[in-house]
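Subject: Structure for your review

Dear colleague,

Please find below the structure that I am handing over to you. My findings follow it, and I would be grateful if you read them alongside the sequence.

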Amino acid sequence: MFDNLVRKVSGVVVYVLRELGGMGLMFFSGVYWAFRRPFKFNYIFKQMEFIGVKSAGVVIITGTFTGMVLALQSYYGFRKFGAEGLVGTTVALSMTRELGPVLTSLMVTGRAGSAMAAELGTMRVTEQIDALIVMALNPIKYLVTPRVVASFFMLPVLTVVADFVGIVGGWLVGVKLLGINEGAFINKMTKYLELDDIYNGLVKAACFGIILSVVACYKGFYTKGGAEGVGRSTTESVVISSVSILIADYVLTSLMF
Amino acid sequence: MADNGIVIKIKDLYKTFDSQRVLDGVNLEVKRGEITVIIGKSGGGKSVLMKHLIGLLKPDSGEIWIDGSDITKLKERDLNEVRKKFGMLFQEAALFDSMNVIDNVAFPVREHTKLPEEEILRMAQERLRNVGLAGFDNKMPSELSGGMRKRVGLARALILDPDIILFDEPTSALDPITSLTILDLIKETQERLKKTYVVISHDILGMFRIAHKVAMLYNGRIIEFGTPKEIRQSKKEEIKEFLKATGIPGFSGGDR
């Protein structure tokens with residue numbers, strides 16, 4: 001009984017360590033190949049379009065409604081002690097410091113991270129990755145580096161978009177719908193929101209970009225077992241990325257606090 | 001080691017996966033400019049053997065000499081130099097499904113040479129014409145049949161004029177007519193280019209049409225090696241049994 005428990009726990013520990021090690025290695029080799037000639041800018045731009053431009057729609061919708069609901073909820077609270085004017089500040093701080101980067105990353109994980117894992121997984125099981133190796137080309141450089149680099153740059157860009165539309169959404173609900181004084185809304189917001197709040201959020205977003213792309217690439221790259229394996233890799237990559245982003249969010253926030 | 005026209009020499013190759021021994025001391029010599037076919041049962045280690053030839057897998061022990069260097073001892077960078085001598089047609093062709101046909105064929109040239117774009121396209125179109133797929137340039141791999149995909153794969157494998165071309169089950173999952181087309185294409189290109197072809201397959205009849213030499217892989221070892229005729233006349237029980245599976249009376253032991 002006790003033996004069994006020890007065996008199970010140690011099995012899980014070994015598994016987690018192996019996965020973490022594999023992802024770490026993938027991150028470092030992805031970065032290493034980013035600085036080795038010849039640079040594959042066209043591959044990077046293609047991924048930037050896929051991860052950035054094509055995720056913009058879903059990020060805009062998520063950001064807008066998050067800002068709107070934040071305004072609604074905080075208005076409900078602040079009204080109780082007559083501080084409705086702080087709704088703008090609350091929306092802006094929550095969006096830039098926390099919800100902008102986190103929600104953007106979670107949405108990109110669902111949309112682009114899952115696609116990365118599925119695409120690389122399919123390439124693995126249909127021997128396309130082997131085909132690259134046989135052609136004497138490094139698959140990390142062609143497949144992983146562009147995705148990691150593109151995510152690193154595009155997540156902060158998307159976060160800026162989410163921050164902006166979130167604040168606009170908050171303004172719409174707060175000022176136009178609930179009738180908060182516009183001067184107070186804008187004034188308090190600009191007074192209490194500092195550039196550092198925005199920067200902190202963008203740094204987080206860049207880190208989340210690395211996390212979600214490395215996890216997706218790792219899971220996809222080492223897929224085993226045909227179509228079922230691709231499905232499993234995709235699911236695992238989304239779950240692991242999302243959980244890691246939330247954990248990393250706490251760690252990064254406490255470091256930057 | 002590359003003497004007597006031997007271009008690939010495999011020596012005492014062992015490989016075990018999770019306590020299952022897949023290669024159990026393989027020895028084989030492949031002659032330059034010949035089609036050497038490795039036949040054996042499905043799941044008998046043929047693909048594993050082929051993956052060792054190109055450094056996709058590392059053996060537990062043993063040596064693989066290609067053109068005078070033991071590739072099992074090479075670092076990735078040197079291994080890539082050896083890989084440039086190879087072309088490979090994968091079982092499902094392994095075309096990049098994000099690219100159209102012409103980009104797939106042109107891909108190795110674009111990545112490995114600095115030729116002008118017109119020259120690259122001209123080369124790719126010529127290779128496509130050679131495999132009977134002129135005018136298919138802009139099709140995506142998903143729009144092609146299995147046989148067409150393999151032909152595109154062959155065009156891609158041949159485009160950099162490699163010395164050695166590997167074929168992983170070239171006729172599997174194809175109808176008999178398409179199989180014949182692929183086999184004829186393999187034979188025709190080999191006779192024209194005089195390159196070394198190594199083919200793995202369980203399609204005995206098809207392989208006997210094209211092979212100069214046949215190696216029989218059984219239980220992780222090469223148990224017989226020779227011309228198709230020598231194989232058919234082999235007295236070994238395992239080989240007789242394998243040849244009988246063709247269903248043709250007198251195939252085992254015959255010479256026609």
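How many salt bridges are there between chain B and chain A? The count is one salt bridge. Please bear in mind that this is a predicted model.

The interface

The salt bridge joins the side chains of K40(A) and E111(B), with a distance of 2.7 Å from N to O. On the side of chain B that touches chain A, the elements that give two or more residues are α2 (76-83) and α3 of chain B. The largest share of that side, four residues, comes from α3(B). Sorted by class, the side of chain B that touches chain A has ten nonpolar, three polar and nine charged residues.

In terms of contacts, 22 residues of chain B meet 16 residues of chain A. The size of an interface is often given as the accessible area lost when the parts come together. Here, chain B and chain A bury about 1600 Å² between them, and 61% of this is on carbon and sulfur atoms. Within chain B, the residues that lose the most area to chain A are F90(B), F96(B) and E111(B), which together account for 28% of what that side buries. E111(B) is also the chain B partner in the salt bridge with K40(A).

Backbone features

Most residues other than glycine have a negative phi, and most peptide bonds are trans.

In chain A, a cis peptide bond joins R37(A) and P38(A), with omega at about -10°. P38(A) is placed in the loop between α1 (2-34) and α2 (41-51) of chain A.

Also in chain A, A136(A) has a positive phi, near 65°, although the residue is not glycine. A136(A) lies in the loop between α5 (128-134) and α6 (139-177) of chain A. Is A136(A) buried or exposed? With a relative accessible area of 10%, A136(A) is buried, because buried means under 20%.

In chain B, A94(B) has a positive phi as well, near 50°, and is likewise a residue other than glycine. The loop that holds A94(B) runs between β6 (86-89) and α3 (101-112) of chain B. A94(B) has 3% relative accessibility and therefore counts as buried.

With kind regards

Methods
Residues numbered from 1 in each chain as written. Chains lettered and ligands numbered in written order. Predicted model: local features only at pLDDT ≥ 70, side-chain atom pairs only at ≥ 80, totals over all residues. Heavy atoms only, no water. Buried < 20%, exposed > 50% of the residue type's maximum accessible area, 1.4 Å probe, protein only. Contact = heavy atoms within 4.5 Å. Buried area = accessible area lost by both parts, 1.4 Å probe. Salt bridge = Lys/Arg side-chain N within 4 Å of Asp/Glu carboxyl O. Nonpolar A, V, L, I, M, F, W, Y, C, P; charged D, E, K, R; others polar.
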